[in-house]
Amino acid sequence: EQKTMEKIVALCKNRGFVYAGSEIYGGLANSWDYGPLGVEFKNNVKRAWMRKFVQESKYNVGLDSAILMNPETWVASGHVGGFSDPLMDCRDCKTRHRADKLVEDFTGESADGWDNEQLQHFIAEHGIACPNCGGKNFTDIRKFNLMFKTFQGITEDSKNEIYLRPETAQGIFVNFANIQRTTRRKVPFGVAQVGKSFRNEITPGNFIFRIREFEQMELEFFCKPGTDLEWFSYWKDYCKNWLLNLGLKEENLRLRDHKPEELSFYSKATTDFEFLFPFGWGELWGIADRTDYDLKQHQEHSGKSLEYFDPETNEKYIPYVIEPSLGADRVVLAFLCDAYDEEQLDEKDTRVVLRLHPALAPIKACVLPLSKKLNDAAEQVRELLAKNFMTDYDDAGSIGKRYRRQDEIGTPFCITYDFESETDHCVTVRDRDTMAQERVAIDKLVEYISERLVF
Ligand code: ATP
């Protein structure tokens, strides 16, 4: 079996999971559109996440905050200012410099709006030296602001500048007090959100692995300082179980703990979940103990208290935060790669099967009339199922060919209506993975399928 990105991308394109964005105009670099099957699949992934993290969790509630936020948010979060400057290190004396500052000091003029390349080029060309040691041996510029900028209102004036959010998390932090008050939740509790984020990535690629417009599924879990490491481990297990319960193979997953020197300065512990994509291991899910850094920053910048009053101990404190952050597109790709299988049936015959968990499969069942003469009755079965699940209908070609078309898109159940169905009111259900067939009463079909969607 050869699992390659080329095959997976081709299947996605040919069957309507994912198309290249703006294709008729020659595309837009690294943008992708989810087609009819892709939208179902991705919605199922997002629903499965909300289900486990909100509906089935006694701790968490949901939120859908705006993509556009008050620009001060991004100052507080560190996305503009400190973190986003174009930084370069002097290799000789190991001091760090802002590249735009070096240029400004040299020219005496503003380097506002220069991009990294311009800065780097200018510094090299003019032989600008390290102010500390005089060396001219700099690293490449490492950090720049990944945020997409736009204008609110009609004047393209710097005071109307706003950003598309680069993560959903900040929408949760700024609503912490609202949510705590209105739900009357006691710490510990969490807030879960699914939504678009935008990053002007320097090196997008690997299909939908790294894109500039993507969706995140983030949980911010607020807990009492001192209990944070326990909760960190709780959510790590919870996240891992979510993936495994949805059928992801354990051998394609590894958890990598950040070493102390690798941690962000505000983080006490971070674990990356990595998945073995056809192009190698890649980060899937980042889980971090962010301490009270975010709420503290927002308290300071907004001037509003974000302290929590603990009614049991009469203490006031700013909660610590555990953040599991998952990319919806990235986990969609992981589930696709994990499920893709080429099964050798005999010497000449292989079938492509997407072995997706039925809960994630875009189409749950496809109704196949054995003969076109049975179309009317089979159509009634389709209608019955379509009230409950995404259902397909196919009366074109041999039954074998129709099965294969459904295997390739991961449909777990093919339902054949034959001449006997008229009298015994049963249909033949064929299982995608085992290809085993079973006779099931039409009035038991919904129950039969529902039971198999549980995860
Ligand atoms: P990476 O190192 O891959 O750039 P990151 O560490 O910057 O990721 P986070 O800021 O921790 O990522 O974002 C949390 C999650 O959001 C990631 O684990 C990933 O699943 C997803 N994600 C981040 N950036 C992208 C992107 N450009 N395209 C798709 N998914 C993304």
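Analyst: Happy to. The UniProt annotation "binding site", from an unreviewed entry, covers Arg98, Glu167, Phe214, Glu215, Gln216, Met217, Glu218, Glu323, Pro324, Ser325, Leu326 and Gly327. These positions are spread over 230 residues of sequence, and in space they reach up to 33.1 Å between C-alpha atoms. UniProt positions are given here in the numbering used for this structure, with feature names shortened, and annotations may be inferred rather than shown by experiment.

Two notes on the source. Residues are numbered from 1 along each chain as its sequence is written. This is a predicted model, in which local features need pLDDT of at least 70 and side-chain atom pairs count only at pLDDT 80 or more, while totals for chains, interfaces and linings use all residues.

Helices (H or I, at least four residues) and strands (E, at least two) are DSSP runs numbered from the N terminus. Glu167, one of the annotated residues, lies in the loop between strand E7 (161–163) and helix H6 (169–173).

A residue is near a molecule or strand if its C-beta atom, placed from the backbone, lies within 6 Å of it. Of the 15 residues around the ligand, Phe214, Gly286, Ser325, Gly327 and Arg330 come nearest. The elements that give two or more residues to this shell are strand E9 (213–223), strand E12 (280–291), strand E15 (320–327) and H10. E12 supplies the largest share, four residues. By class, the shell has five nonpolar, four polar and six charged residues. Here Ala, Val, Leu, Ile, Met, Phe, Trp, Tyr, Cys and Pro count as nonpolar, Asp, Glu, Lys and Arg as charged, and the others, Gly among them, as polar.

Next comes the sheet. Seven strands form an open sheet in the order E3-E8-E9-E15-E12-E11-E10, with mixed pairing; two strands pair if DSSP finds at least two bridges between them. Strand E3 (60–63) and strand E10 (253–257) stand at the edges, each with a single partner strand, so one side of each has no neighbour in the sheet. From one strand to the next, the twist averages 20 degrees. E8 and E9 run antiparallel and are joined by ten bridges. Lys196 has Glu215 in E9 as its bridge partner, and Glu215 is among the annotated positions.

A helix packs on this sheet too: H2 touches E3, E8 and E9, and its direction makes about 160 degrees with that of E8. Axes are lines fitted to C-alpha atoms, for helices over the stretch in contact, and angles run from 0 to 180 degrees between N-to-C directions. Two residues are in contact if their C-beta atoms, placed from the backbone, lie within 7 Å.

Helix H2 (residues 36–55) and helix H10 (residues 328–339) pack at about 110 degrees, with their axes 10 Å apart. That makes H2 roughly perpendicular to H10, a term for angles of 65 to 115 degrees, whereas angles under 35 count as roughly parallel, over 145 as roughly antiparallel and the rest as oblique. Phe41, Lys42, Val45 and Lys46 in H2 meet Ala328, Val331, Val332 and Phe335 in H10. The residues of this contact divide into six nonpolar, no polar and two charged.

Finally, look at the loop between helix H7 (176–183) and strand E8 (189–198), where Pro188 is found. A cis peptide bond joins Val187 and Pro188, with omega about 10 degrees.
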